[in-house]
Amino acid sequence: MPELPEVEVVRRGLERFVQGREVAAVSVLHPRAIRRQPAGAGDFAARLTGTRIESVRRRGKYLYLPLDSGEAVLAHLGMSGQLLMAPTETEPEPHLRIRVGFTDGDPELRFVDQRTFGGMAIEKTVLDPVAGQPLPVSIAHIARDPFDPLFDDAEFARRLRRRHTGIKRALLDQSLISGVGNIYADEALWRARLHYARPTETLTRPAIERLLAAVREVMAAALVQGGTSFDSLYVNVNGESGYFDRSLAVYGRQDEPCPRCGAPVRREAFMNRSSYTCPTCQPRPRRGRW
DNA sequence: CAAGGTACCTGTTAGC
DNA sequence: TGCTAACAGGTACCTT
């Protein structure tokens, strides 16, 4: 379940089910799931076993679990990862990659990942220079998300306007703003009536504020619905799908009418993926004029 | 150094 | 029916 609302749904589930618990046993069933652990599966298991999970935090689309050892579990769902809570006796899922058992018994934590783009690692932490909170070393470059109280709109606007790229590329750049992926980028741009190729350096400060407001609105609405799921791949810790796909205006709706003006939604290939836009609400920017 | 393309995987679906 | 190609929500790394 990959973008901010889906990852936040998982974070809340984990917080409820694993915070404060002590790890009793770890098994790694697929090496790719711990490929960010340089010393391998044995090191991963050794550094996790016997520790207590202090909290469940999120930076953009990354989850991290500070441990009483001073290190933290880092987890990313990639394109198809799931973190599920399941009774130990439950039959293993076909793509089960990692199991984490606890000293107090059920439920155990399972990392399931069909496409293996996701993974977990145990890392040392560094203190976030602004918040003073520990952060796994490898995600120190990930920007704050737009719901983070320390997200700085003015600083974002300054950095955005210094870029020389299209607005969607910038929205997907996790070192500039985190948590936004292909679905919510398209939905937010539609709400803000901006074309994905609009040059960042031409955006006015009010336009950037409208865009940030749109990003926040669409992701907040998705979170209330439990996130977006097109199939059973994107689920919460109990394996349940969210309902926000029913509220999407343009994403995945090629040839369907724009909810605002009725024009058929167009789909274009962009950045090796799909972009959905309304051809009349989001006209393509022209050189020298937008 | 910034920007953009490509690689990494497996499964599903559309089209022939 | 069976094969093939296209496509899927992300990030890291390489080249320019």
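Modeller: Let's start with Arg216, which is partly exposed at 22% relative accessibility (buried means under 20% relative accessible area, exposed over 50%, partly exposed in between, with a 1.4 Å probe and protein chains only). This is a predicted model, where local features need pLDDT of at least 70 and side-chain atom pairs 80 or more, while totals for chains, interfaces and linings use all residues. Residues count from 1 along each chain as written, chains are lettered from A and ligands numbered from 1 in written order, and side-chain values use heavy atoms, without hydrogens or water.

Arg216 has a salt-bridge partner, Asp153, with 2.8 Å between their closest N and O atoms (a salt bridge puts a side-chain nitrogen of Lys or Arg within 4 Å of a carboxyl oxygen of Asp or Glu). That pair links distant parts of the chain, since Arg216 sits in helix H6 (residues 205-224) and Asp153 in helix H3 (residues 153-162), 63 residues apart (helices are DSSP runs of H or I with at least four residues, strands are E runs of at least two, numbered from the N terminus). Asp153 itself is buried, at 17%. Elsewhere, shared partners join Glu8, Arg11, Arg12, Glu15, Arg58 and Asp145 into one salt-bridge network.

How many salt bridges are there by this rule? The count is 23.

Here's another one: Lys124 pairs with Glu71, at 3.6 Å from N to O. Lys124 is in the loop between strand S8 (119-123) and strand S9 (125-127), and Glu71 is in the loop between strand S3 (62-66) and strand S4 (72-76), so this pair ties together parts 53 residues apart in sequence. One end is out in the open: Lys124 is exposed, at 55%. Glu71, on the other hand, is buried, at 11%.

Now take Arg99 and Glu108, whose side chains meet in a salt bridge at 2.8 Å, N to O. Arg99 is buried, with a relative accessible area of 19%. Glu108 is buried too, at 4%.

Finally, the DNA. Among the 24 residues around DNA strand C, the nearest ones include Tyr62 and Ser274 (near means a heavy atom within 4 Å). For Arg267, a phosphate oxygen of DNA strand C is 3.4 Å from a side-chain N or O atom. Arg115 goes for a base instead, with a base nitrogen of DNA strand C 3.2 Å from an N or O atom in its side chain.

Terms used: A polar contact is a pair of N or O atoms within 3.5 Å; within protein, one must be able to donate a hydrogen and the other to accept it, and residues adjacent in sequence count only if both atoms are side-chain atoms.
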